[in-house]
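Here are my notes on the salt bridges in this model. Please read them with the structure open.

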Amino acid sequence: MTDRELLERIRARDVDAFDALWDRHAPYVNGVCFSFLRSKEESEEVLQEIFLAIWDGRLGYQPDKSSLTSWLFFIAKSRCLDRLKLSHRRLPHGPIPDDLMGRDDSDPELEASASERRKVLRSALDKLPQEQREAVMSCFFRSPTYREAAQELGIPLGTLKSRIRLAMKKLAAALADLESDE
Amino acid sequence: MMDPNQHEHFENLVLFAVLGALGDEERNDLDRHIASGCKECARTSQQFDSFPRLMIAPLAPTDAAREGLKAAMRTAPADDHAQWDELISLAALGALTDEDRSRLDAHHADDCTACSITTHELSRASDMIAESVTPIAPSAAVTNAVKRAVRAEVVAVPSGSVRDDIADTSSPSPRCEIVGRGDERRTLEALLDRLRKGDGAFVSIVGEPGVGKSRLVDELRRLADERGIGILSGHCASDARTRGYAAFIDLIRDWADIDEESDENTRRARLHSFVTALCNDRADEIHAAIARLMGIDSGQAPAGAATATPTAQAISGLSGQALERKIHESTRFLLKQGAGAQPLIAIFEDLHWADDATAELLEAIAPLVEIQALMIVAVSRPDHEEAGARLVSFADEYLRMRHTAIRLAPLDQRETLVLGRRLLQTEELPAELSRSLVEKSAGNPFYVEELVRAYVQSGDTATVARDSASGVDELILARVRALDTSARTTLETAAIVGLRVPKRVLADMIGNSVVLDAALDVLDQAELLERQDSRQTSSRRLALLRKEATYVFRHALGRDAVLASLAPDQRRELHLRCARSIEALFADRLHEYYGVLAYQYSGAERLAEAQHYLSLAGEMAAKCAASTDALRFFRDAYATYKQLPGSSADVAVEARLERNIALALLNTGGLHESIEHFNAALRLNGQWVPQSTIALAAKGALDMVSILSRLYTNRLGRATARADVRERQVFELLYNRCRVQNIVDDKRRAVDNLAAIVHLGHLNPQEIENSAGIFASAGAFFSFAGISFDPGHRFLALARNAADPGDDKDAFLYRSMAFVVNYLQGNWGDEHQIDDELLERGLRYGLFWDADVYLGLFCQRNSYQGRFALASEQIEKLEFLCDSYGYEFARSNVHAETATLLLAQRQLGAALEAEQRWYDQRNEESLHLLALGLRARAQVLDDRLEDAAASLQTADDLLKRSGARMFPYYAGFYHTARLALATARIEQATDDGRSVTSADARHARKLVRRACANARSCARDRGDTLRLAGRLEWALGNKTAALSQWAIAREECERLGALPDLGRTLADMGKALEEADDEWRAKAGIPPDECRTRAIELFKQLDCTWDLEQMGDDVRRKRRVA
């Protein structure tokens, strides 16, 4: 059953569909949360909040806007950042944290592929001009919205968006190279 | 430029265009070719070879090419998947409208999405980042909890939805969406929108039972949740008054997600991590106070904090009002931090049942709504003066601009019928039922629901009419009677337990879990009882599911109806079973249930147990500074004790109850009343408490002799015998009675202090808490009373020995009382000053009286030393003591020391105004004498001699009325003012050339002797007294005596550092010597010019403009005379 079908069924209060969605995506969302919060207990709290919000239909996922994984990533990121903000904690500036890019403790075969992609991504991120790199780091890992990221970096919103766009093009190109190699 | 049909060239041309190689004219030309090519593509759409050319369309300078793509889509056969795949891949490169995209969506695979190339790029990169996170499997416990939460909700009736089985007459009727309340919802929505922008609010929702308060609050929660606003809830159950701060405990437990079933260490650790996240630097201190509020303070450092910080330790030593203030301030800070991070709503439901501590704390935090994104929602029934109505009045008075009052009225006729139709899911109600709904329910939605349920259950309107004849209670009971026996028994048992019923208590009382589960299902179906988690937001539901199952009555009216239907014997029996179950099930944390147990045993009419638990509940409330609740518990305990049969009477128990009431009164400000209970407790402990003045004086004298003899034979403070419990209790009573007497009763103060010292003299001071304090106070007392400074110092030495070196409380008590002794004696060096840090620690221990005394006297010393700025600082500290700790006695000291400072600066008008405020605020004779003396002194200086005489006459009347000897400190201004008035009159007479009678002279010298005697015991008045004595003698012609007095005055002022009085003495001398002949000038040892010069220097240095003007006036007067 596809994610979309699962979500449809969840809207119709199908408990089994919810269980399936949980089994399929909860580990991933938990991984995202842990990357930000570095606390097993807190990660699981946010994980629960997100899935119960999905169950309650309060999150409004739109399949035509993004993939479910991507959407879950941003929902989880947003909630984790809220929590960090609430407790006056911040993710540090500077290099992208290793554990934010995942850990090498899952399926070895999948991990090998993921590890290669992380390496490429990391390398591509490192090669970005400083201001583009900061823009990506802020938008993806520190600020819940573009507006707040722009405020954090002290640049206009439009400038931030163009930096993100440029950076993303370069990252996409790096990914394309990897895929063509594969 | 080229043939429009040569499409193969297009791609290269477009690339040039993208690269900016083309000019405007060439680009327009290119556009035309693209448009033409697109049209051809559309026409020959079967020829897919031409399609790749359209790949360039999105990169073209205009939208023309995209039109071609759309044309191709329009002509593509619906079942030609190959074509559509091609189109989809092309579309991925182009910016299509939503309509175009939806057409593509109909054909593409589920995991494909049509989007622009930029979005595609961004999405790929985002996905790449998102996917690179390594999954971590959540724990099995969390997985199970979430899945259970979801399943539980499906099993229960979803809130706000209508059940499918409504047509089944065997089922009760459901709830439905909120009906009416449009204005209220709009008001709340507007407030929530303002809250998101940072504007706080205080909302009171008031309505009769069943009118829909909870439903409106549910709606508010939903609206807030939609807006991303944090929701906190605190609930007051009908038995909330069984524990202080009940609503706040509920709210913080919910907010911090503390599982009440976990052990105390776990709960404290959880609270600590929660508080740390919000409060940063102040975390330990705030945690200590909040843990105390929640009754999970065992005095140890929480897990996560290595050791308790000094601040947290200091809080553990607080009690009474000091602790209460600290808890209020800490809760305010916690909410401030929370609202600073995210807009918050704090909902307090059923406040009509609130305990006193909750109501007081709510008042303390309410002003936060003026400065924070915080909305406080107070929900209550009307006409509960002590809680709900009190808060509405408070908000009206103090938060007028932020207060929104919502008074829920009954539904109108139309709304009533709409509600009925919705509940029955029908377009038309039976006529009889409509009539019943309108006539019987009077617009009360709960009543409407019950009527509909009755109709659904019975299926005929006649039964509804019959059952509703006696009101809503009868409707509920009719449904209860229709239940099977086990469900009915379960419901009756639950009603005894309370509005919220832990399942395990029910299980213990019912004794058969299978029967219980079945009964609970029936009651859930009947919507009489429901699981606590079924009406919550998802996260709250989850939190509750992880915890113990608890059932709540669907409505308090339901519980009331069931309770009222129980026979007295049945009630008693159930209350007793409930109490026994709680004792058995919660033995490890029984302290949280003291109030509940008292309630249950009272209901079971087991008076001894009820009294026992009422006392314990009071002690628990006192421990977390819920002083008013503590007093209520103790009074109830005392009343219950008095109902016990005579054989059960126990003097020790009664003494303890009297002592508890006295302490609770002390903590709630009932000082005069507390004395009666202290005395009663002392009598019950076998102590003689004299009542008549003669008996009092006799006891005072006896105690004095006993103390001095033991003090001077080195027997005091040397007892080594262990003190038993009773002796300790007696000392505690005496000590605390002294604390009260220090404020309320001048006459008894000395006697009670002596009694405490005598008692302490028999005990080993090292073993007795507060022994250092009582010795230090005794030292201050002997000095204050003007008896002698020597015993004062001896007592201070005893206090120093008895003090625990590491105890800030002992240290502050000793240092503050040592300051008193030295100040009065005239040791005005800075070594006696207390540093701010120790002062602050003293305040944290609640040593307000001692801090107030110290600050007042330190202020005086600075005023008399001419350190006016430093004196002003102490006045500010007194104001802080009053404002921050609510110690109102400090307010009068603010006025007193302001008046003293202004008098020292000779700002006479302002000094008199401050003195008047001081006088008006106090009733104590000693303080009135002090104020009247200061008033008269200022009036003499202002040359208002008749007014001064009148003030002194009032003081004389007071002294006659009182009959008591006033301590030198209080009489000081009175004596100097009398001397100043006599001196002024004699000087006036000599200036006018009138003779001074010998009687007047004798009287004046008598005043000098009295004033000097008084000043020996109170250094403050020495400079002024000696200077006035010199002036008087000079005016009387006794110049030798005058010079002698002035010499002593100068010497003493220099020793004390009393610069203003030194300057004034010099000025007086200078003025006198200028008119004297050379012989007297020589005898004075200082020329008049030098006196004047030095006086002027001092006055300029101290900015004493009044004195400078006086000296100028003297010069001008002299010139006029010349």
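1. R737(B) is buried at 5% relative accessibility (buried means under 20% relative accessible area, exposed over 50%, partly exposed in between, with a 1.4 Å probe and protein chains only). Its salt-bridge partner is D752(B), with the closest N and O atoms 2.9 Å apart (a salt bridge is a side-chain nitrogen of Lys or Arg within 4 Å of a carboxyl oxygen of Asp or Glu). The pair links distant parts of the chain, 15 residues apart: R737(B) sits in helix α34 (residues 725-744) and D752(B) in helix α35 (residues 746-761) of chain B. D752(B) is buried too, at 1%.

2. The model is predicted: local features need pLDDT of at least 70, side-chain atom pairs count only at pLDDT 80 or more, and totals for chains, interfaces and linings use all residues. Residues are numbered from 1 along each chain as its sequence is written, chains are lettered from A and ligands numbered from 1 in the order written, and side-chain values use heavy atoms, without hydrogens and water.

3. R861(B) and D830(B) form a salt bridge, with the closest N and O atoms 2.7 Å apart. R861(B) is buried at 1%, whereas D830(B) is partly exposed at 40%.

4. E1079(B) pairs with K1083(B) in a salt bridge, at 3.2 Å between the closest N and O atoms. E1079(B) is partly exposed at 46%, and K1083(B) likewise at 48%.

5. The whole structure has 65 salt bridges over all chains. One network of salt bridges links R937(B), E987(B), D1024(B), R1027(B), R1031(B) and D1068(B).

Technical notes
Helix = DSSP H or I, 4+ residues; strand = E, 2+ residues; numbered from the N terminus.
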